[in-house]
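Please keep the sequence and the model in view while reading.

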Amino acid sequence: MDSRPLGTTGFDVSEIALGTWQLGGSWGSVTDDEAYDAIEAALDAGINFLDTADVYGDGDSERRIGDALADRDDDVVVATKAGRRLDPHEADGYNRENLERFVDRSRDNLGVDSLDLVQLHCPPRDVYYRPEVFDALSELRDAGKIDHYGVSVEKVEDGLKAIEYDGVETVQIIFNPLRQRPAELFFREAERRNVGVIVRVPLASGLLTGALSEDAEFGEDDHRNFNRHGEAFDVGETFAGIPFEDGLAAADAIQEVVPEGVSLAQFTLRWILSFDAVSTVIPGSKTPAHIRDNVAAASLPPLSADQFQRVEEVYDSYAREHVHHRW
């Protein structure tokens, strides 16, 4: 699998990486053994970038990654996030004291002296207009507690504001055939500033796997059940913010141009990697077979102009009115 530079961090990361929200919670229950097997499968398949957060399973995802990596000699970059432990989750809480407390907890969970990459975890809009927040991150870097920092954002506007700060080396953002707005101004600005772009929710919470249907049922502890309408957090994190039925119809329409022998998920990941601004994509899975299938997407041939055109038409028909103005 090819790698790409992650902005100015000096890290070369695998094009397909592993998101580990599902290894901590909000996607149904997962055991330590299942999490370990998933991480092992990812590393064995050539993945060298793992994305997590301190709130995934209240630290379970971080701890499971730390335990798995302790048994191996792989050169792996682990990105985590900080900020969502605040209660209430308000801009005033993003201060040096709290950020350092979160960073120290993540260092303990992962069993490391310094965190490879810390991302502010979709903070309130006001945070991006407070230089002192980014000064605090720089101080933590200078203190040797973190190596690099970036942001995970909900909206394109937040990403554009964040990259005005020199210390921000990465932005994590939702991007897929049902959420195409980042490919406009944001990608261009990220490339111009040499900012690494980490793509999350690439498969729209399973919509773009082709495995879901109208009668799909999700457990009580699965965000596709309890956050369907944004009850717990930003609705854009669940099915990429598109109504479920429209998402299913869009997936069916895209499936029509997927080549024989290629899954819808692989086609989607290959589409995302067609954008040069993207550093890495972080689909999440608990299943080793699915992880290996995702990795195989990086080796697929480039998409044709006709395929790109069809994906654009599907976006215009099923998704644009729901998402383009919101995120």
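Arg224 is located in helix H7. In this predicted model, Arg224 has a relative accessible area of 14% and is therefore buried, since the limit for that class is under 20%. Between Arg224 and Tyr318 there are 94 residues of sequence separation, and their C-alpha atoms are 19 Å apart in space.

**Aromatic pairs**

The count of aromatic pairs comes to 14. One of these involves Phe175 and Phe187: the ring centres are 4.8 Å apart and the planes meet at 70°, so the pair is edge-to-face, a class that requires an angle over 60 degrees. Phe175 belongs to the loop between strand E8 (168-174) and helix H6 (185-192), whereas Phe187 belongs to helix H6 itself. The two residues are 12 residues apart, and their pair links distant parts of the chain.

A further pair is formed by Phe218 and Phe244, with ring centres 6.4 Å apart and planes at 85°; this arrangement is therefore also edge-to-face. Because Phe218 lies in the loop between strand E9 (196-200) and helix H7 (223-226) and Phe244 lies in helix H8 (residues 244-255), the pair ties together parts that are 26 residues apart in sequence.

| Residue | Relative accessible area | Class |
|---|---|---|
| Phe175 | 0% | buried |
| Phe187 | 3% | buried |
| Phe218 | 15% | buried |
| Phe244 | 5% | buried |

Phe175 and Phe187 are also members of one aromatic cluster, which they form together with Phe186, Trp271, Phe275 and Phe308.

Asn48 is found in the loop between helix H1 (32-44) and strand E4 (49-51). Is this residue buried or exposed? Its relative accessible area is 17%, so Asn48 counts as buried under the 20% limit.

A polar atom of the Asn48 side chain lies 3.0 Å from the backbone oxygen of Asp12. When residues up to four places away in sequence are left out, Asn48 touches Asp12, Val13 and Ser14, and also Asp75, Val76 and Val77.

How values were computed
Residues are numbered from 1 along each chain as its sequence is written. This is a predicted model: local features need pLDDT of at least 70, side-chain atom pairs count only at pLDDT 80 or more; totals for chains, interfaces and linings use all residues. Side-chain values use heavy atoms; hydrogens and water are left out. Rings of Phe, Tyr and Trp (its six-membered ring) pair if their centres lie within 6.5 Å; planes under 30 degrees apart count as stacked, over 60 as edge-to-face and the rest as tilted. Helices (H or I, at least four residues) and strands (E, at least two) are DSSP runs, numbered from the N terminus. Buried means under 20% relative accessible area, exposed over 50%, partly exposed in between (1.4 Å probe, protein chains only). A polar contact is a pair of N or O atoms within 3.5 Å; within protein, one must be able to donate a hydrogen and the other to accept it, and residues adjacent in sequence count only if both atoms are side-chain atoms. Contact means heavy atoms within 4.5 Å.
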